[in-house]
Amino acid sequence: MLRIPRQLLEEMLAHAREEAPRECCGMIAARDDAAVAVHRITNVAVNRKTAYVMHGQEMYDAMQAIDEAGLEIGAIYHSHPRSEPVPSPTDVNLARNWPGLRWLIVGLDGDAPVVRTWRIEGTAFHEDPHEVDDGARIDA
C-alpha cells in the first residue's frame with residue numbers, strides 16, 4: 001500500500017485540474033512505500049485529451065532526481081478528465097513498459113475528484129489501495 005501525504009495528493013489533484021480537459025502525467029517518488037515527492041511531467045501526446053505521453057527529457061530528469069535522492073518510483077500518475085479512474089486499454093499497454101509499478105489515476109468526471117491506485121500485470125489489473133497520511137483512504 002502506498003502512503004501519500006495529503007499535501008502531495010493535493011499537488012496531483014491541482015495538476016489534474018490545471019491540465020483539464022487534457023490528461024496530466026507525472027511520477028511519484030517514494031521510500032518504503034511512502035510518497036515523498038511528486039514530479040510533474042509534460043504530456044506531449046498528440047491527443048492529450050484521451051492519452052498521455054511523458055516528455056522524454058523531463059521523464060529522464062525525474063528518474064535521475066529520484067535515483068540521486070536514493071528513492072524509488074512509487075507510482076506513475078495521470079488523470080482521466082472525462083472518465084472513471086480505471087485503467088484504459090491504453091494504460092494497460094503503457095504498463096507493459098513499467099512492470100511491477102503502481103498506477104495512480106485521478107478521475108475528474110464527477111462532482112469531486114476520485115483517486116484510485118492500480119497494479120497492472122499483462123492485460124489484467126487490480127486495485128492496490130493507497131492511504132493518505134491522515135489515515136483517510138481515497139479509492140472510490
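User: Why does Arg116 count as buried?

Analyst: In this predicted model, Arg116 has a relative accessibility of 15%. Buried means under 20%, so Arg116 counts as buried.

User: What makes the contact between Glu127 and Arg116 a salt bridge?

Analyst: The two side chains meet at 2.8 Å, N to O. The limit is within 4 Å for a side-chain nitrogen of Arg and a carboxyl oxygen of Glu, so the pair qualifies as a salt bridge. Glu127 belongs to strand E7 and Arg116 to strand E6, eleven residues apart.

User: Why is Glu127 called partly exposed?

Analyst: Its relative accessible area is 25%. Partly exposed covers the range between the under 20% of buried and the over 50% of exposed, so Glu127 is partly exposed.

User: What makes Asp33 and Arg102 a salt bridge?

Analyst: Their closest N and O atoms are 2.9 Å apart, and the criterion is within 4 Å, so the pair is a salt bridge. Asp33 lies in the loop between strands E2 and E3, and Arg102 in strand E5, so the contact ties together parts 69 residues apart in sequence.

User: How do you know whether Arg102 is buried or exposed?

Analyst: Arg102 has 5% relative accessibility; buried requires under 20%, so Arg102 is buried. Asp33, at 29%, counts as partly exposed.

User: Which residues are linked with Arg102 in a network of salt bridges?

Analyst: The network links Arg102 with Asp33, Arg119 and Asp128. Asp128 forms a salt bridge with Arg102, the closest N and O atoms being 2.9 Å apart. Asp128 lies in the loop between strands E7 and E8, so its pairing with Arg102 in strand E5 ties together parts 26 residues apart in sequence.

Notes: Residues numbered from 1 in each chain as written. Predicted model: local features only at pLDDT ≥ 70, side-chain atom pairs only at ≥ 80, totals over all residues. Heavy atoms only, no water. Helix = DSSP H or I, 4+ residues; strand = E, 2+ residues; numbered from the N terminus. Buried < 20%, exposed > 50% of the residue type's maximum accessible area, 1.4 Å probe, protein only.
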